[in-house]
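I kept these notes while looking things up in one structure. Each entry covers one topic.

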Amino acid sequence: MSAAGRDPQWREAERFAERHARMVLALVDVRVTPDDGSPVDLLGQDFAAMVDRSRAPVGTMPLERLRLAAGSRTAAFYSRSGYAKTALLWADRHAVALFAYTDDGYAAPVNEAARELIERGHADSERKVLVEIAQVSRLANEQRAALERREREAYAAALRETEREQAAERARRAARERAEAVLGRTVALLLRVRLDTHALSTTVKTLAESPVADAVADASRRLTMFERPAALARVRAQFIDAAAALDVITPPSGRDASSYRAARRAVDDGLDALDEASGEHTSGHVAPDVVGAALRRAARSWQIVVAEVVRAAPAPPPPTVPTQRAAQHRAEPVAS
């Protein structure tokens with residue numbers, strides 16, 4: 001037991017020994033014990049120490065008391081006035097680390113046990129530093145990886161948004177081009193109807209009897225890359241003609257009917273299938289299986305459109321019978 005309660009400087013010596021144990025010996029859990037009769041001055045999980053500030057060298061008795069109080073813990077002694085020879089021998093036999101310290105804040109190992117304790121502290125400190133460095137490095141790598149992942153995700157999201165905008169713009173442009181093409185064919189058909197009352201029925205009959213969509217679908221595997229564009233353009237033109245005929249036949253009041261909307265959806269689906277078969281918005285070669293499936297889909301859509309055109313078409317006007325034309329001039333009597 002120290003005399004810290006009687007000498008205020010003794011407690012300062014204990015605090016110095018505590019700093020030495022924590023910083024040099026790497027025993028960060030060591031604390032100064034309260035001045036309540038504790039048999040040791042410093043105590044940690046695996047460490048117990050006494051601090052002596054007397055003017056005489058330390059003998060074996062304080063070391064024996066320390067060894068008994070420390071139990072299985074590492075025992076260390078801090079002396080301001082050194083140690084007796086018998087104390088040094090006893091400490092070596094019982095593995096008690098001896099340190100000498102000065103009032104100006106310096107401590108040095110006295111025996112081999114103390115030097116081993118310092119070396120072990122250095123090794124523990126180095127290992128802890130390396131562990132901390134590894135943890136910091138791992139944390140930094142994880143943060144960098146997370147940052148890179150967020151950057152990739154943000155870039156991918158921006159790319160997807162750009163692709164969606166481009167796809168939407170392509171869809172709007174395609175819808176506008178289709179609407180313009182249908183409008184142009186509709187106007188042309190209306191002009192023909194004004195000039196020829198049989199033009200509409202002739203157009204409906206031509207569309208109903210056209211085998212082009214089915215023939216192109218059946219020949220999809222035999223079409224070469226040079227023949228395919230012309231065949232697809234022919235089917236596309238028939239879809240536009242059918243849509244124009246449907247608009248001419250159906251009055252504005254009848255365009256809310258489900259049959260009309262289904263037919264117009266079939267037109268759009270057929271044109272989309274033709275775009276897929278031609279490789280619109282697709283880089284590289286379109287596989288024959290893809291072309292065949294798309295053309296068969298277009299043929300099915302064609303059947304729906306033609307069926308609605310035939311159903312909605314008005315009855316053809318009766319044929320006009322030519323009549324004898326009246327004489328434009330009356331016959332004059334022949335003068336005798």
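I started with the side chains of R127 and D124, which meet in a salt bridge with 2.4 Å from N to O. The model is predicted, and I kept that in mind for every entry. Both residues sit in helix α4, and because they are 3 residues apart there, about one helical turn separates them. R127 is partly exposed at 46% relative accessibility. D124 has 18%, and it counts as buried because the cut-off for buried is under 20%. As a general point, I noted that side chains of opposite charge can pair when their charged atoms come close.

I then asked how many salt bridges a search of the whole structure finds. The count is 17.

I picked out R221 and D289, whose closest N and O atoms are 2.7 Å apart in a salt bridge. This pair links distant parts of the chain, 68 residues apart. R221 is in the loop between α6 (212-218) and α7 (228-249), and D289 is in helix α9 (residues 288-312). R221 is exposed, with a relative accessible area of 61%.

My next entry is the salt bridge of E276 with R297, where the closest N and O atoms are 3.2 Å apart. E276 lies in helix α8 (residues 258-278) and R297 in helix α9, so the pair ties together parts that are 21 residues apart in sequence. E276 is partly exposed at 36% relative accessibility, and R297 is also partly exposed, at 25%. I also noted one network, in which salt bridges that share partners join R178, R236, D272 and D275.

I turned to aromatic rings and found a count of 4 aromatic pairs. One of them is F16 with Y101, a tilted pair at 5.9 Å centre to centre and 40 degrees between the planes.

I went back to helix α4, which covers residues 112-195. V129, L130 and I133 form a nonpolar patch on the surface, with about 280 Å² of accessible area together. I looked up the record for this stretch: an unreviewed UniProt entry lists residues 133-165 as "coiled-coil region". In the model, that span is 100% helix and 0% strand, and its end C-alpha atoms lie 47 Å apart.

From L195 to Q135, I read 60 residues in sequence and 88 Å in space, C-alpha to C-alpha. V187 is in helix α4 too, and is partly exposed at 41%.

My last entry is on confidence. The protein chain has a mean pLDDT of 87, and 91% of its residues reach 70 or more.

Key
Residues are numbered from 1 along each chain as its sequence is written. This is a predicted model: local features need pLDDT of at least 70, side-chain atom pairs count only at pLDDT 80 or more; totals for chains, interfaces and linings use all residues. Side-chain values use heavy atoms; hydrogens and water are left out. Patches are made of residues with over 30% relative accessible area and no salt bridge: like charges are joined within 9 Å, nonpolar side chains (Val, Leu, Ile, Met, Phe, Trp, Tyr) within 5 Å. Accessible areas come from the Shrake-Rupley method with a 1.4 Å probe; for residues, only the protein chains shown count as cover. A salt bridge is a side-chain nitrogen of Lys or Arg within 4 Å of a carboxyl oxygen of Asp or Glu. Helices (H or I, at least four residues) and strands (E, at least two) are DSSP runs, numbered from the N terminus. pLDDT is the predictor's confidence in each residue, from 0 to 100. UniProt positions are given in the numbering used here, feature names are shortened, and annotations may be inferred rather than shown by experiment. Rings of Phe, Tyr and Trp (its six-membered ring) pair if their centres lie within 6.5 Å; planes under 30 degrees apart count as stacked, over 60 as edge-to-face and the rest as tilted. Buried means under 20% relative accessible area, exposed over 50%, partly exposed in between (1.4 Å probe, protein chains only).
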